[in-house]
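Me: I have a chain to go through with you. Let us take it question by question.

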Amino acid sequence: MTKGLLYVVFGSQCDLIASHCVKYSRQFTNIPILVLTNIPEESRNKLWKNIPDVEFKYFNKPITDNRQLKTTCIRHTIFDKTIYLDADSIVQKSNIETLFDQIDNTILVNPFCDFEFGKKVPNIYLEAIKRFKLKSPLHVYN
């Protein structure tokens, strides 16, 4: 059973950040990595060439399509078990591999914040609250 980390890296700024984060993370893990990207190989940050066991899957799509890839990344993974990480995520400790033991048709999420209705709520969340008739508080996850 193959296990790996997956990143969605769209745009040159994101490519720069992701390459540095993955390089740093390699101190703590050697898990294979798949990067879904819209950056052609010749335009990627040169740092990628020095990071072992990273595979790229190129998509000829605009930066604005990154959300679509993030929400459908399970269709594009090459691994049997996949952990998706944001491009600016850094593995800071050894043993991230133990998370795979918790994955069985499961999505692991990290709580971000709660919004209480009647208080200041960003417009994107207000729209979701109205459209889906949500109840307070609104739990937001990374």
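**Strands, cysteines and surface**

Reply: L5 stands opposite I83 in β4. The model is predicted.

Me: Which residue of β2 does L5 stand opposite?
Reply: β1 is joined to strand β2, residues 33-37, by 5 bridges. The two strands run parallel. In β2, the residue opposite L5 is I33.

Me: How many bridges join β1 to strand β4?
Reply: β4 covers residues 81-84. β1 and β4 run parallel. L5 in its place opposite I83 belongs to this picture. The number of bridges joining β1 to β4 is 4.

Me: How many residues of strand β1 are buried?
Reply: Strand β1 spans residues 3-9. The strand is mostly covered. Of its 7 residues, the buried ones number 6.

Me: How many disulfides does a search of the whole structure find?
Reply: The search covers the whole structure and its count of disulfides is 0. C14 is in no disulfide, and its nearest cysteine sulfur, that of C21, is 9.1 Å away.

Me: Is C21 buried or exposed?
Reply: Buried means under 20% relative accessible area. C21 has a value of 8%, so C21 is buried.

Me: Is F132 buried or exposed?
Reply: F132 lies in helix α3, residues 123-132. The cut-off for exposed is over 50% relative accessible area. F132 has 55%, so F132 is exposed.

Me: Which residues make the nonpolar surface patch of about 270 Å²?
Reply: F132 is one of them. Its relative accessible area is 55%. The patch is made by F117, F132 and L134.

Me: What is the relative accessible area of N60?
Reply: N60 lies in the loop between β3 (54-58) and α2 (66-71). N60 is exposed. Its relative accessible area is 70%.

Me: What separates the C-alpha atoms of N60 and I39?
Reply: N60 sits in the loop between β3 and α2. N60 and I39 are 21 residues apart along the chain. Their C-alpha atoms are separated by 8.2 Å.

Terms used
Residues numbered from 1 in each chain as written. Predicted model: local features only at pLDDT ≥ 70, side-chain atom pairs only at ≥ 80, totals over all residues. Heavy atoms only, no water. Patch = residues over 30% accessible without salt bridge, like charges linked within 9 Å, V, L, I, M, F, W, Y side chains within 5 Å. Areas by Shrake-Rupley, 256 points an atom, 1.4 Å probe, with all protein chains shown as cover. Salt bridge = Lys/Arg side-chain N within 4 Å of Asp/Glu carboxyl O. Buried < 20%, exposed > 50% of the residue type's maximum accessible area, 1.4 Å probe, protein only. Disulfide = S-S within 2.5 Å. Pairing = 2+ DSSP bridges.
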